[in-house]
Amino acid sequence: MNLPVIPTGRRAALLPLCLLFLKTWVPVHSYLYNNRYAGDKVIRLVPESEREAQALNAIFHQLTVDLWQPSSIFHISEGTVTDVHVPGNSSQILLSYLQQANIKYTIIISDLQKVIEKQSGLRSCRNRRSVLGYNYEVYHSLEELGKRSRPYKRAVWIDCGIHAREWIGPAFCQWFVKEALQTYQSDPAMRRMLNQLYFYIMPVFNVDGYHFSWTNDRFWRKTRSKNSQFRCHGVDANRNWKVKWCDEGASFHPCDDTYCGPFPESEPEVKAVAHFLRKRRKQIKAYLSFHAYAQMLLYPYSYKYATIPNFSCVESAAYNAVNALQSAYGIRYRYGPASSTLYVSSGSSMDWAYKNGIPYAFAFELRDTGHFGFLLPETLIKPTCTETMLAVKNITMHLLKKCH
Ligand SMILES: [Zn+2]
């Protein structure tokens, strides 16, 4: 015989409270499911002959029972374990029938309503949330399974592959997800990041363009949208944002690689992401966009030579991030405002994110500095991603503990 486990310490102190709660709580909710299962029974039968099976089949049909198993009365035959839920008012009829017919049975549940209510009471006592914000060991209502079960957390947005030919971008996004999943248990920094922040990852921003760079033109940069007047396809998805749209560093000509599009957010990819970010502008604290190549860590502004209001925070985050990156393989990154570090460009996602209230907005220009350029060999994916992870983690940790 098993002895009951005696709760110790804090649990012991909590238990009576919970029981007290149960006692007062259950009667209030005794109309769970409108009390429709009051007196209902669940009965187990195992027919010992085909004759018994047929008899059960007939009585079940007559009484409109709820068969728990097997799934249909047609599957009841000799030796079949048969569990049947019988409404309270029919259970006496069934039981006396079984006794008369000398068919063996066991009552598994004698009052279904009571069991449902007991479980419901216990559920209310259990912690619905765990350290991760979601308790995987309790049942959740549809509402809890949906949005409302997620506690409020700040978030980081990461996108890769705005420009199709910069293949190291999507490779990094995939790498990031892999690392997050594989090192959550072993790496305290990763655990802290994932516990305290949501990460929204878009592995391939410009899907059509990326595909085209595999099938037709390895050096395709833009989207693949059609133009009504020109034969040229595509818009530069990093010039299509509603921030100084189509000003300096962007082109009005549809055949140019930096074509800004017919109007801001003309590209469905840009429109969708802008909509997503706009809706979560208060929640998202960092916007990270991955490009190649130049080995630079850029922050706003792109469209003008000016200092951002939270320059010191962003600048120190960038400084620490490039140092962390360099610590892996000695690869040096330049960092600074995009306008003065790279070139002036308007309508970029980074500027847009910053202008829409995301305080940490960065664009990475990954390896290399031009030796292979867009054709960065696959052998360099691992070192590039490894060092970039250090920078991303550094920025994220900065976000968690320092200024915004
Ligand atoms: Zn790019």
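Predicted model: local features only at pLDDT ≥ 70, side-chain atom pairs only at ≥ 80, totals over all residues.
Let me begin with Trp-167, which at 21% relative accessibility counts as partly exposed, the terms being buried for under 20% relative accessible area, exposed for over 50% and partly exposed in between, with a 1.4 Å probe and protein chains only. Residues are numbered from 1 along each chain as its sequence is written, and side-chain values use heavy atoms, with hydrogens and water left out.

Trp-167 takes part in one of the 22 aromatic pairs that the structure holds, where rings of Phe, Tyr and Trp (its six-membered ring) pair if their centres lie within 6.5 Å, and planes under 30 degrees apart count as stacked, over 60 as edge-to-face and the rest as tilted. Its partner is Trp-214, and because the ring centres are 4.4 Å apart and the planes at 5°, the pair is stacked. Trp-167 lies in the loop between strand 5 (154-160) and helix 6 (168-183), whereas Trp-214 lies in helix 8 (residues 207-215), so the pair ties together parts that are 47 residues apart in sequence; helices (H or I, at least four residues) and strands (E, at least two) are DSSP runs, numbered from the N terminus. Trp-214 is exposed, at 53% relative accessible area. Arg-218 also lies over the face of Trp-167, at 3.6 Å from the ring centre, which is to say that NZ of Lys or CZ of Arg is within 6 Å of the ring centre and within 35 degrees of the ring normal.

Next, the pair of Tyr-301 and Tyr-354, whose ring centres are 5.9 Å apart with planes at 85°, so that the pair is edge-to-face. Tyr-301 is buried at 8% relative accessible area, and Tyr-354 is buried at 12%. The peptide bond from Pro-300 to Tyr-301 is cis, with omega near 5°, and another cis bond runs from Arg-367 to Asp-368, with omega near -5°. Most residues other than glycine have a negative phi, and most peptide bonds are trans. Against that background, Tyr-33 has a positive phi near 55°, and Asn-34 has a positive phi of about 55° although it is not a glycine.

What coordinates the zinc ion? The donors are His-163 (ND1), Glu-166 (OE), Glu-166 (OE) and His-291 (ND1), at 2.0 to 2.3 Å, donors being N, O and S atoms within 2.8 Å of the metal (3.2 Å for Na, K and Ca), and since water is not among the atoms, sites may look incomplete. The 4 donor atoms subtend angles of 57 to 153°, which makes the arrangement irregular; four donors count as tetrahedral if all angles lie between 85 and 135 degrees, four count as square planar and six as octahedral if opposite donors are over 155 degrees apart and all others between 65 and 115, and anything else is irregular. His-163 is buried at 3% relative accessible area, and Glu-166 likewise counts as buried at 3%.

I will finish with helix 9 (residues 268-279), in which Glu-269, Val-270, Val-273, Ala-274 and Leu-277 are buried. Seen down the helix axis, these buried residues fall within an arc of 120°, so they line one face of helix 9, the arc being that of the directions from the helix axis to the C-beta atoms. On the other side of helix 9, Pro-268, Lys-271 and Lys-279 are exposed.
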